[in-house]
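Welcome! Here are a few exercises to work through, each with its solution.

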Amino acid sequence: MTDSDAHMETNRRSWDQCVPIHLKSQMYGGFFNTLRNGDHCLDPIIVEEVGDVAGKSLLHLQCHVGHDTLSWARLGARVTGLDFSPPAIEAARNLAAELALDARFVCANVYDTAEAIDERFDVVFASVGVFCWIPDLPRWMRVAASMLKKGGVLYVMDGHPFADLIGERTDVPEGIGIAANYFDRGPHPFGPGPSYASDSPDQTVGDGVEWTHTVGDFVNAVIEAGLRIDFLHEHPRDFFQRFKPMECDDKGRWRLPGNLCDKVPMVMSIRAMAD
Ligand SMILES: C[S@@+](CC[C@H](N)C(=O)[O-])C[C@H]1O[C@@H](n2cnc3c(N)ncnc32)[C@H](O)[C@@H]1O
C-alpha cells in the first residue's frame, strides 16, 4: 500500500463517521427537505453551466449521500452515483427509495470507477469538496474522461485553488489573509474535529488528509486526459462558510468580509468535452 492509498483509507474511515452526523444535520436536512418538497438542491450556476440533462445518462463521482445525484434525476437524467464510503452509499440508496427516484449507487474508490461501472455516460459530474481528497489529479481526470461517451461532457465545480491559499488570521483587519503556500500540494494532515456540517463542536470525526492543486494542475490534467476545455469559470462567492469572518448574501452565497469582498476567486468550474 502506498502512502497515498493509506491516506485515502484514513479519509474513508472519517467519511464513514461523517455520514450519521450529516444525515441528522441542519445543512443536509435542508437539502433532503428540498428534495422531499419536489424540488432539486443543485446550485443554479451548476444547473445552467451543465445544461439540459433530460434523457441523458449522468455519472456523479464522489456523490456522498446522494442528494445532488437525485437532484439530477429530478431534472430528468438517468443517474449513477459513486462514492467509496459504504454508509454514504447506503444513505443514498435509502433516499432514492424514499423519494421514489430511479438511481443506481455504486460503492468504489473513484480511481476504480471504470472497473466498477460497465457503462459510458453523456455527462460526468463532480462538485464541491471533491479534489482535496485526491492525491493524483491527472489520474482522476483520466478516469473521468474514460467514463464519457464520444461527445460527452465532464463538468466539475470545486473550491478555487486560491481559496486554499487564504485562511483566518488575527493580524489583518478582515481576519483573513494569505496563510499557505500555493505550491505545497500536500499531503496536508488535519483533525480530528467537527465536520463542515456538524451541528455542534462535539460532533467530531477522525483524522483526515487533504491535497491541494493549482489552477494549472487542473487545466493540464484535463488536457492530458484528452478532453477539450469549453470553459473555466471563476466565482468570487462560496457555497458554504469556509471561514468564520465570511458573510452570507441574500442569495445564500458566502462572501469574504470587508475589503476582500468579491476580490478573491472562491469557486471554480470547468466544462470539457470528449471529442
Ligand atoms: C464533500 S463530499 C462531496 C460533496 C457533495 N457535493 C456534498 O455536498 O455532499 C466528498 C465525498 O467524496 C468521497 N470520497 C473521497 N475520496 C474518495 C475516493 N477516493 N473515492 C470515492 N469517493 C471518495 C467521500 O466519501 C465523500 O462522500
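Helices (H or I, at least four residues) and strands (E, at least two) are DSSP runs, numbered from the N terminus. Residues are numbered from 1 along each chain as its sequence is written. The model is a predicted one: local features need pLDDT of at least 70, side-chain atom pairs count only at pLDDT 80 or more, and totals for chains, interfaces and linings use all residues.

**Exercise 1. Find the place of aspartate 199 and decide whether this residue is buried, exposed or partly exposed.**

Step 1: Aspartate 199 sits in the loop between strand 9 (193-194) and strand 10 (204-205).

Step 2: A residue is buried if 20 or more other C-beta atoms, placed from the backbone, lie within 10 Å of its own, exposed if 12 or fewer, and partly exposed in between. Aspartate 199 counts as partly exposed because it has 15 C-beta neighbours inside 10 Å.

Step 3: Two residues are in contact if their C-beta atoms, placed from the backbone, lie within 7 Å. Not counting residues up to four places away in sequence, aspartate 199 touches Ser25 and Gln26.

**Exercise 2. Work out which residues surround the ligand and which classes they belong to.**

Step 1: The shell has 17 residues, and the closest are Trp15, Gln62, His64, Phe84 and Gly129.

Step 2: Ala, Val, Leu, Ile, Met, Phe, Trp, Tyr, Cys and Pro count as nonpolar, Asp, Glu, Lys and Arg as charged, and the others, Gly among them, as polar. On that basis the shell divides into 8 nonpolar, 7 polar and 2 charged residues.

Step 3: Helix 1 (residues 3-23) gives the most to this shell, with 3 residues.

**Exercise 3. Describe how helix 4 (residues 67-74) is covered, and what comes just after it.**

Step 1: The buried ones are His67, Asp68, Thr69, Leu70, Ser71, Trp72 and Ala73.

Step 2: Their cover includes helix 2 (26-36), strand 1, strand 2 (78-83), helix 5, strand 3 (103-107) and strand 4.

Step 3: Just after helix 4, glycine 76 takes a positive phi of about 105°.

**Exercise 4. Explain where the buried residues of helix 7 (residues 137-146) lie around its axis.**

Step 1: Leu137, Trp140, Met141, Val143 and Ala144 are the buried residues of helix 7.

Step 2: They cover an arc of only 160° around the axis (the arc of the directions from the helix axis to the C-beta atoms), which puts them on the same side of helix 7.

Step 3: These residues pack against strand 1 (57-61), helix 6 (113-116), strand 4 (121-127), strand 5 (148-159) and helix 9 (215-224).

Methods: Near = placed C-beta within 6 Å.
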